[in-house]
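Hi! Here is the structure I promised to pass on to you. Have a look around it first, then read my notes below.

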Amino acid sequence: MVLTIAIDFDRVLAPRTTGRGTSEIPDPPTAGAIAWIRGLLRAGCTIAIHGPRNSEGVACDAHTMQTWFRANGLTDDEIDRLQFLPEKPAAVRAALLVDDQAWQFRSQFPTIEEIRAFRPRRPDDEPEPHRCR
């Protein structure tokens, strides 16, 4: 059985020090990210990369992420084995979703207090979004 691993690009594989809509990715990889991707590929996993950088209407597309992976050490063969999704994989059947803004479900739904208290991993200078009142 082939495992599909869906991975958020921004703040997981690379910090996002630039704003959305840039046409370049100047950020270095998160420590260990490239080796981890290689290990998953060697294990035969299907890897689906998603994130705001490749969403419709954003200047930084899948080609730009492929260029970033190449500049940071992945081979063309490895890059060809990656899938780049236009948005978060709601419809992708992944064995694992790796995302900096995810809640781990453990058979108990979060309370409104837990939702309000939840803090995704964000740089110190970026304000926390509060969507629930």
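Predicted model: local features only at pLDDT ≥ 70, side-chain atom pairs only at ≥ 80, totals over all residues.

Which residue does aspartate 76 form a salt bridge with? The partner is arginine 70, and the closest N and O atoms are 2.5 Å apart. Arginine 70 is partly exposed too, at 41% relative accessibility.

How many salt bridges turn up in a search of the whole structure? There are 2. Besides the one between arginine 70 and aspartate 76, there is a salt bridge between the side chains of glutamate 78 and arginine 38, with 2.8 Å from N to O. Arginine 38 belongs to helix H1 and glutamate 78 to helix H3, so this pair ties together parts of the chain 40 residues apart in sequence. Is glutamate 78 buried or exposed? It counts as buried, because its relative accessibility is 12% and the cut-off for buried is under 20%. Arginine 38, at 24%, counts as partly exposed.

Now follow helix H1 itself. Its buried residues are Ala33, Ile34, Ile37, Leu40 and Leu41. Why do these end up on the same side of H1? Because they cover an arc of only 125 degrees around the axis.

What do the buried residues of H1 pack against? They pack against S1, S2, H2, helix H3 (76-80) and S3. Just past the end of H1, have a look at glycine 44, which takes a positive phi of about 90 degrees.

**The core**

The largest nonpolar core has 22 residues, and the members that touch the most others are Ile7, Phe9, Ile37, Ile49 and Phe69. At least two residues of this core come from each of strand S1 (4-8), helix H1 (33-42), strand S2 (46-50), helix H2 (62-71) and strand S3 (82-84). H1 gives the most, with 5 residues.

Leaving aside residues up to four places away in sequence, Phe69 touches Phe9, Leu13, Ile34, Ile49, Leu74, Ile79, Leu82 and Phe84.

**The aromatic rings**

Across the whole structure, a search finds 4 aromatic pairs. One of them is edge-to-face: phenylalanine 9 with phenylalanine 69, at 6.0 Å centre to centre and 80 degrees between the planes. This pair links distant parts of the chain, as phenylalanine 9 sits in the loop between S1 and H1 and phenylalanine 69 in helix H2, 60 residues apart. Both residues are buried.

Phenylalanine 69 also pairs with phenylalanine 84: the ring centres are 6.2 Å apart and the planes are at 55 degrees, so the pair is tilted. Here the link is between helix H2 and strand S3, with the two residues 15 apart. Which residues make up the aromatic cluster? Phe9, Trp68, Phe69 and Phe84 form one cluster together.

Enjoy exploring!

Key
Residues numbered from 1 in each chain as written. Heavy atoms only, no water. Core = buried A, V, L, I, M, F, W, Y, C linked by side-chain atoms within 4.5 Å. Buried < 20%, exposed > 50% of the residue type's maximum accessible area, 1.4 Å probe, protein only. Helix = DSSP H or I, 4+ residues; strand = E, 2+ residues; numbered from the N terminus. Contact = heavy atoms within 4.5 Å. Arc of directions from axis to C-beta. Salt bridge = Lys/Arg side-chain N within 4 Å of Asp/Glu carboxyl O. Phe/Tyr/Trp six-rings, centres within 6.5 Å; stacked < 30°, edge-to-face > 60°.
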